[in-house]
Amino acid sequence: MRIVIKIGTATLYQNEKLSKRIDKLVKFLVKLNKTNEVILVSSGAVGAGYTKLKLDKSNISNKQALASIGQPLLMKEYKIRFEKYNQIVSQVLLTASDFDSRRRTENAKNMIEVLLKNKIIPIINENDAVSIEEIIFGDNDQLSAYTTYYFDADMLVILSDIDGLYDSNPKENPDAKLLKIVTTIDKNLMNTPSNPNDKFATGGIVTKLKSAEFLMNKGKDMFLASGFDLRDIKSFLFDKIHKKGTLFKGKK
């Protein structure tokens, strides 16, 4: 399978520092890449930049500056860890316009095909440093959905601080039930306020639902699971056992 794995800022960073979770994530990706084609969509450039320069990220110019500082720092962290397993990775920076242009999308797709053919893991991030608008993809949730569709992946996996879709807010309702399989998305859920835990994250459940809806309408699946505890996604992908997490089923 060709699988896009999206890792959010809240998963990568904790208390404004890179979390040790990145080591487990890298080990998981290396194993997955042995029998599949893996594309990683990683957030975290702004958070990485903030570790070196404390700027107010609510200002778009500051956010772009933090991203430009943080992107090479984040890639360095990935490179060091992947090299332990002799796994080559590459950096791919995209903007919204790359998917608006058929020619640019095709060029990017051809490049991705070469990388995957040679078992290299592309690490994709939004090119925040040159984007003139606010980050439009919602902490890369929608960027990962576009990547899945336009680069012909079989499914998207979003690893987040949100471990699945519930029938109500689990932080407010202790009896909230996890929805393991979703075939249609309640439009009312799209109006849920986005409250990402990490102050550098711009996503939330709404951007994930928008990503799921986009892919489901295109006939592709999306799986939402915890990035803090990888047992659920490992069970789903390696053992084909769905213990926890939400599978959004594409319309076939």
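Biologist: Which residue forms a salt bridge with Arg-81, and how far apart are the closest N and O atoms?

Modeller: A salt bridge is a side-chain nitrogen of Lys or Arg within 4 Å of a carboxyl oxygen of Asp or Glu. In this predicted model, Arg-81 has Glu-77 as its partner, with the closest N and O atoms 2.6 Å apart. This is a predicted model, so local features need pLDDT of at least 70 and side-chain atom pairs count only at pLDDT 80 or more, while totals for chains, interfaces and linings use all residues. Residues are numbered from 1 along each chain as its sequence is written, and side-chain values use heavy atoms, with hydrogens and water left out.

Biologist: Where do Arg-81 and Glu-77 lie?

Modeller: Helices (H or I, at least four residues) and strands (E, at least two) are DSSP runs, numbered from the N terminus. Both residues lie in helix α4, 4 residues apart, which is about one turn of the helix.

Biologist: Is Arg-81 buried or exposed?

Modeller: Buried means under 20% relative accessible area, exposed over 50%, and partly exposed in between (1.4 Å probe, protein chains only). Arg-81 has a relative accessible area of 15% and is therefore buried. Glu-77, at 28%, is partly exposed.

Biologist: How many salt bridges does the structure hold?

Modeller: The structure holds 12. Among them is the pair Lys-249 and Asp-221, at 3.9 Å from N to O. Lys-249 lies in the segment after β12 and Asp-221 in strand β11, so this pair ties together parts that are 28 residues apart in sequence. Asp-221 is buried at 14%, whereas Lys-249 is partly exposed at 32%. Another pair is Arg-231 and Asp-229, with the closest N and O atoms 2.7 Å apart. Arg-231 is exposed because its relative accessible area is 63%; Asp-229 is partly exposed at 28%. Salt bridges with shared partners also join Arg-2, Glu-37 and Glu-113 into one network.

Biologist: Which strands do bridges join to β11?

Modeller: Two strands pair if DSSP finds at least two bridges between them. Strand β7 (residues 155-160) runs parallel to β11, and 6 bridges join them. Within that pairing, Met-155 has Asp-221 as its bridge partner. Strand β12 (residues 246-248) runs antiparallel to β11, with 3 bridges, and Leu-224 stands opposite Thr-246. In β11 (residues 221-226), 6 of its 6 residues are buried.

Biologist: Which residues of β7 are on each side?

Modeller: In a regular strand the side chains alternate between the two faces of the sheet. Met-155, Val-157 and Leu-159 are on one side of β7, and Leu-156, Ile-158 and Ser-160 are on the other. Both faces are covered, with all of these residues buried. Strand β7 also pairs with β1 (residues 2-7), which runs parallel to β7 and is joined to it by 5 bridges. There, Ile-7 has Leu-159 as its bridge partner.

Biologist: Leaving aside neighbours within four places in sequence, which residues is Gln-71 in contact with?

Modeller: Contact means heavy atoms within 4.5 Å. With those neighbours left aside, Gln-71 is in contact with Ala-45, Gln-91, Leu-93 and Asn-125. Gln-71 lies in helix α4 (residues 60-83) and counts as buried because its relative accessibility is 9%. Gln-71 and Gly-47 are 24 residues apart in sequence, and their C-alpha atoms are 9.4 Å apart in space.
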